[in-house]
Amino acid sequence: MARTSSGFSAEQRRVLPTILVPAFMSLLSVSIVNVTLPAIDDSLDAGTSGLQWIVSGYALVFGVLLVAAGRAGDVWGRGRLFLIGLACFALGSLLSGLAPSILVLNLARVVMGIGSGLLNPQVTGIIQQFFQGELRGRAFGAFGGIVGVSVAIGPILGGGLIALLGEEWGWRASFLVNVPIAIAAIVAARTFLPASAWHPVPQDDPSSTTANIPVVSGAQKRRAKVDFDPVGMLLLALGTLFTMVAFMEAKLGWWVWGGLVLGIGLVVCWVRWELAYRDRGRTPMVDMDLFRTRSFANGALLIGLYFVGFTSIWLLVAQYMQIGLGHDALTAGLIGLPAALAGAITAPIAGRYVVRVGRVIVLWGLGIGALGLVLSAGVALLHGEAGVNEWWLLGTLMLTGIGQGLVVSPNQTLTLSEVPLRYAGSAGGVLQTGQRIGTSIGIAVITSLAFGVAVSSGWDVALAVGFAAILVVVALAAVVGAFDLAATRRQRRTDG
């Protein structure tokens, strides 16, 4: 297969933007609402509960579907699920932009969440399927770059649309802009995804890691029995649902935590079911042996902890700039621009070297991100005590962007490196589910802490306290990364 000067084949150069542009669009929809909520409240008289569900409804459905959608892509063809997800996302975006009430908007956001939950696991699965070795690291590096940019650029885009079009049409445009992009992505997927992306990965080849998957005939597909494991999917979906809801709605009262107990119980039942299902000679949704693979288990835990902390940064910063300092939505969004650019640059660079360097890159990223948090907390405290200009945050938060570029995509490459291709979709779904649960926990705990401190001590102190809480979680993630690095080095000495 002919290679270009970049190292990617012509086919790979077509596949990568085809899957990454929709992924960017879906992830952008998580962060863009951070600065549009006040405008939505004025337009639809949403109320506190309605506004909260604009954020949490999307994230909840997104998180619940990830593993099931990843498995569906493995057994039905990733291109098909990718296309269905794009269609759902486009429909949800259209309904959101035209919503006449907060109820319709929240229902439309659920449809958007379904679309995101269906298409995102296919992105990691397709990268696993069509990229190998160092090229896979580079592809995941590009994916990590768009993750970082989507988180930080969302508030800028949302604020810019409101400044340009006014509050009413500005927040609506933040949803409607997705529709033509999704339609173009559907056309691109039908045109550029290879034929093998539209067919199941052969279940009798658990070690396959190449893109040369045979295209089976219609008669063969009819004879083949698809083992979809619906009971396993239902148990994990319900377990994830109750766990996330417990943190999202923690303010309703102590009784909400009963949902967490139920969610954990359902996850335990899911694990037991998957083991029994495999013992009966069936193909489970997720092979539990994946968690005996050190790189997968440690990587999944590390990134889950990372998302507990780092995804709260931009929500806290948006509130600090708007509520604490009185800046408008666009100004609040601009504070994250250097971080977004830094993450977009460092993630592909890290992707080039992660296969050779290993988990050291991730540890460096955690360290640089932690330094950015410490300096940013210092700027906030000095702003309150000595009048230091808040725009110093442009530089300190840029360090968190650099850190993110060195953590997310390299960790994903390392975590999925030993996963069999037939489980690439469901394994990627497990990884992203951990991220979504981590995000729910972090937003519930860290933002509640910051808002509580803001009431008594002001937003300068609140931002510093919130960042200190994030630092604790980052330290735990670093411990996991250091443990994995040490174990890997011991294994290499033994094998050597």
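The stops below concern aromatic rings and the charges placed over them. This is a predicted model, in which local features need pLDDT of at least 70, side-chain atom pairs count only at pLDDT 80 or more, and totals for chains, interfaces and linings use all residues. Residues are numbered from 1 along each chain as its sequence is written, and side-chain values use heavy atoms, with hydrogens and water left out.

Eight aromatic pairs are present in the structure; rings of Phe, Tyr and Trp (its six-membered ring) pair if their centres lie within 6.5 Å, and planes under 30 degrees apart count as stacked, over 60 as edge-to-face and the rest as tilted.

Select Y58 and F62 to begin. Their rings are edge-to-face, 5.9 Å centre to centre with 70° between the planes. Both residues are buried (under 20% relative accessible area, with exposed over 50% and partly exposed in between; 1.4 Å probe, protein chains only). Y58 and F62 lie about one helical turn from each other because they are four residues apart in helix α3 (residues 47-76); helices are DSSP runs of H or I, at least four residues, numbered from the N terminus.

Next, select Y306 and F310 in helix α11 (residues 294-310). This pair is stacked, because the ring centres are 4.4 Å apart and the planes at 15°. Y306 is buried at 3% relative accessibility, and F310 is buried at 4%.

Finally, select R190 with W198, then R280 with W273. R190 lies over the face of W198, 4.5 Å from the ring centre. The charged end of R280 is over the ring of W273, at 5.2 Å from its centre. A charge sits over a ring if NZ of Lys or CZ of Arg is within 6 Å of the ring centre and within 35 degrees of the ring normal.

Methods. Helices (H or I, at least four residues) and strands (E, at least two) are DSSP runs, numbered from the N terminus.
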